[in-house]
Every structure is written in structure tokens, then in C-alpha cells.
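Take a look at the protein model below.

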Amino acid sequence: MNAATHEHDEHAMTRALELARDAAAQGEVPVGAVVYRSDTGEILGEGANRRECDADPIAHAEIIAIRAAASAIGDWRLNECTLAVTLEPCVMCAGAIVNARVGRLVYGAADPKAGAIVSLYEIAQDERLNHRLPVEQGLMADESGELLRAFFRARR
């Protein structure tokens, strides 16, 4: 990975963490996601969990960010984009990432209970599917994980 790409990743993950904090303030599980052009870092779409606010079971941060990015470029194919998300995507979101042809995925904290990228499944690398993508895990994982732990501690 070159330095410019890494700088884009950190900028996007910092924004995703801001979105996750905003979600927590609204009583949502704190997950944030940002889709950006892999080459320039231009943010095309972003989202935070909105399941509770919208009473929508598929209003995950990744889905919202992917929809916004596709709308911004006028194409459902996001081959030239990277998705940065604070938590390892679930099965639904991993499927959306593959179906949107996202070019690359970067995520923070692992999700041992529902993660579908490495923890429980490897959907982004499954050779039976028509698209596979490189994945980088652990960027700002400590911050992402602590935000989630604090959220759930406060709810208990």
C-alpha cells in the first residue's frame, strides 16, 4: 500500500469514527462508513447506523454509504472506490459490498459475533462469487472497538 492511499484511508476512517459517534448520540449502535475514490480520497458517500431512528432493519452504515456513493457517481458499480467502516461488515453488508463491486474494503474492529469478512465468513474473498476485493483490517481498531464497548456498557 502506498503512502497516499494510506493517508486517504486514515482520513476516511477518522470521518467514519465521527459518524459512529454521532450514531451513538442518537441511540444507534456506533458504526460509521465512508465510500471514497481510491485514487483521490474524494468522499462520495457516507453513513451511520440508522436502524432505530428509521425503524429499518437494513439501515446499516455501509448500506447507506454505498447507496449515497452510487447516487453521487450515477452508477451502481463502485470498482474505483474504497469503503472504510469502523466495524467488520455483517453478512448483509458484505453481500452489498460484493454486489456493488466495491474495489477495496478497510475496516477497524473485528466482529467475532457477526463479521462476514474474516471472523465468521470470508465473503469478500469467496471464489464462488463474481467479485472479490482486497481487504485491510484493523485500521483504528482500538478507537472503533472502544466506542462500541462504551456504547454497550452504557446500555447495560
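E80 is exposed, because its relative accessible area is 62% and exposed means over 50%. Keep in mind that the model is predicted.

**An exposed loop residue**

Where does E80 sit? E80 lies in the loop that runs between helix 3 (61-73) and strand 3 (81-87). Which residues does E80 touch, if those up to four places away in sequence are not counted? They are Y36, R37 and S38. F152 is 72 residues from E80 along the chain. The C-alpha atoms of E80 and F152 are separated by 35 Å.

**A buried arginine**

R104 belongs to strand 4 (residues 104-109). Is R104 buried or exposed? R104 has a relative accessibility of 11%. Buried means under 20%, so R104 counts as buried. The side chain of R104 has a partner: a polar contact of 3.0 Å joins R104 and E136.

**The largest pocket**

How much space lies in the largest pocket? The figure is about 680 Å³. The lining of this pocket is made up of 28 residues. V29, L87, D111, L148 and F152 are the ones nearest the centre of the pocket.

Helix 2 (51-54) and helix 5 (141-155) each give at least two residues to it. Which element supplies the largest share? Helix 5 does, with seven residues. By kind, the lining residues of the largest pocket divide into 13 nonpolar, four polar and 11 charged.

**D111, by the pocket centre**

D111 is among the residues nearest the centre of the largest pocket. D111 is found in the loop between strand 4 and strand 5 (135-137). With a relative accessible area of 16%, D111 is buried, because that value is under 20%. Leaving aside neighbours within four places in sequence, D111 is in contact with L87, E88 and S119. L87 is also one of the residues nearest the pocket centre. E88 is 23 residues from D111 along the chain, yet their C-alpha atoms are separated by 5.5 Å.

**C53 in helix 2**

C53 is found in helix 2. C53 is partly exposed, with a relative accessible area of 38%. How far apart in space are C53 and D39? The distance is 34 Å, C-alpha to C-alpha, although the two are 14 residues apart in sequence. C53 is in contact with Q26 and E28, leaving aside its neighbours within four places in sequence.

**One aromatic pair**

How many aromatic pairs does the structure hold? There is one. F151 and F152 form this pair, with 5.1 Å from centre to centre and 85° between the planes. An angle over 60 degrees counts as edge-to-face, so the pair of F151 and F152 is edge-to-face.

**Burial at a glance**

The table gathers the accessibility values from the text.

| Residue | Relative accessible area | Class |
|---|---|---|
| E80 | 62% | exposed |
| C53 | 38% | partly exposed |
| D111 | 16% | buried |
| R104 | 11% | buried |

Key. Residues numbered from 1 in each chain as written. Predicted model: local features only at pLDDT ≥ 70, side-chain atom pairs only at ≥ 80, totals over all residues. Heavy atoms only, no water. Helix = DSSP H or I, 4+ residues; strand = E, 2+ residues; numbered from the N terminus. Buried < 20%, exposed > 50% of the residue type's maximum accessible area, 1.4 Å probe, protein only. Contact = heavy atoms within 4.5 Å. Polar contact = N/O pair within 3.5 Å; in protein donor to acceptor, adjacent residues only side chain to side chain. 1 Å grid on protein atoms, 1.4 Å probe; cavity = no way out; pocket = protein on both sides within 12 Å on 5 of 7 lines; lining within 4 Å. Points joined across faces, edges and corners; volume = space filled by probe spheres on them. Nonpolar A, V, L, I, M, F, W, Y, C, P; charged D, E, K, R; others polar. Phe/Tyr/Trp six-rings, centres within 6.5 Å; stacked < 30°, edge-to-face > 60°.
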